[in-house]
Amino acid sequence: MSSLTTSRTPARTTSRPALDWRLRFAALSLVWGFSFLLIKVGTDGYAPFQVTLGRLVFGTAVLAVAMAMKRERLPRGARTWGHLAVAGFLLNALPFSLFAFAELTIPSTLAGICNATSPLWGMALSLVALSEDRPTRLRVAGLGVGFLGVLTVLGAWQGFTGLDARGTAMALLASLSYPIGWIYVRRTLAGSSQSHLSLTGAQLLLATLQLAVVTPLFTTLPTSFPVLPLLAIAALGALGTGIAVLIQYGLVAEVGPTTAQMVTYFIPVIATAAGVAILGESLTWSTPVGALIVLAGAALTQAKPRATGDAAGDRRNTPTGTVSDSRGRGRLEATR
């Protein structure tokens, strides 16, 4: 999840999308699932910060074109821009960079599975930071099941033998950064009058500027420009960070955030398949089994308590949003 939108009840239109929502859902799953493979290929030719900067440049360019076509303007107000700068760091600059550094030493399959722990981190954090989120036995059980799956993926019973601790920690920190960013956004930008496209465009622009400052300080200008890694970075940014966001918006508007966020559960599956089939990464039994346990735990953390009586009616009549890929509540929605 890498962007935010204000949550509104979508306006009904008579025009129908050219592609069925299921096809767009599948495309979104593939794009985000292949993102970890593209990161791995990108880091084969460029430094991690350079990969992240390129990703943000291409992603921001896509949203800039979309804003120009829809005649959207960037948001106004120093306070809004300040909050968006923090959101850009927590939801884009930091996790994108951490995943790029992590994949220097861990397989893309493991990075994709670590990414799937975001709902678990979101569940744990929301219980502390969001007073309106009440824990239930099912959600707490899902939290425990999910982290049991993480231990299975990492091979805890073997003492984490053969595991690069630093790279794995970076990938897990990247997945933790997303729900921290979502909670921050929920507390500061909920109810903004700006359009989701305007806010997300500004967010990515600020994240790009942050990396543009940091990258020259820690990297040197490449002496050569390998074509395949460069194409991977371009695809990662244009498809995985730009077009994917626009597809996600359309899905949320058409089928609702609950269905749209189900894409989360396909990402580690596709990331694992891509890493094994294309990059030739090794796969032990504990990786897919642990990933399934993680996804089962994440699904349990999304379980909603049953609403009865007037409360249910009030919820139906009140437009709400979700924190996609993590906590399915709030007035904002975050997308990868």
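Trainee: Are α4 and α11 roughly parallel or antiparallel to each other?

Mentor: Roughly antiparallel (an angle over 145 degrees). Helix α4 covers residues 108-115 and α11 covers 267-277; helices here are DSSP runs of H or I, at least four residues, numbered from the N terminus. Their packing angle is about 175 degrees and the axes are 8 Å apart, with axes fitted to C-alpha atoms over the stretch in contact and angles running from 0 to 180 degrees between N-to-C directions.

Mind that this is a predicted model: local features need pLDDT of at least 70, side-chain atom pairs count only at pLDDT 80 or more, and totals for chains, interfaces and linings use all residues. Residues are numbered from 1 along each chain as its sequence is written, and side-chain values use heavy atoms, leaving out hydrogens and water.

Trainee: Which residues in α4 meet α11?

Mentor: S108, T109, G112, I113 and N115. Across from them in α11 are I267, P268, A271, T272, G275 and V276, contact meaning heavy atoms within 4.5 Å.

Trainee: OK, salt bridges. How many?

Mentor: Two, counting a side-chain nitrogen of Lys or Arg within 4 Å of a carboxyl oxygen of Asp or Glu. D20 pairs with R22 at 3.2 Å, and R24 pairs with E254 at 2.3 Å, N to O.

Trainee: Where do R24 and E254 lie?

Mentor: R24 is in α1 (residues 21-43) and E254 in α9 (residues 227-255), so the pair ties together parts 230 residues apart in sequence.

Trainee: Is R24 buried or exposed?

Mentor: Buried, at 13% relative accessible area, where the cut-off is under 20% (1.4 Å probe, protein chains only). E254 is partly exposed at 38%, a class that runs between that cut-off and exposed, over 50%.

Conventions
Helices (H or I, at least four residues) and strands (E, at least two) are DSSP runs, numbered from the N terminus. Angles under 35 degrees count as roughly parallel, over 145 as roughly antiparallel, 65 to 115 as roughly perpendicular and the rest as oblique.
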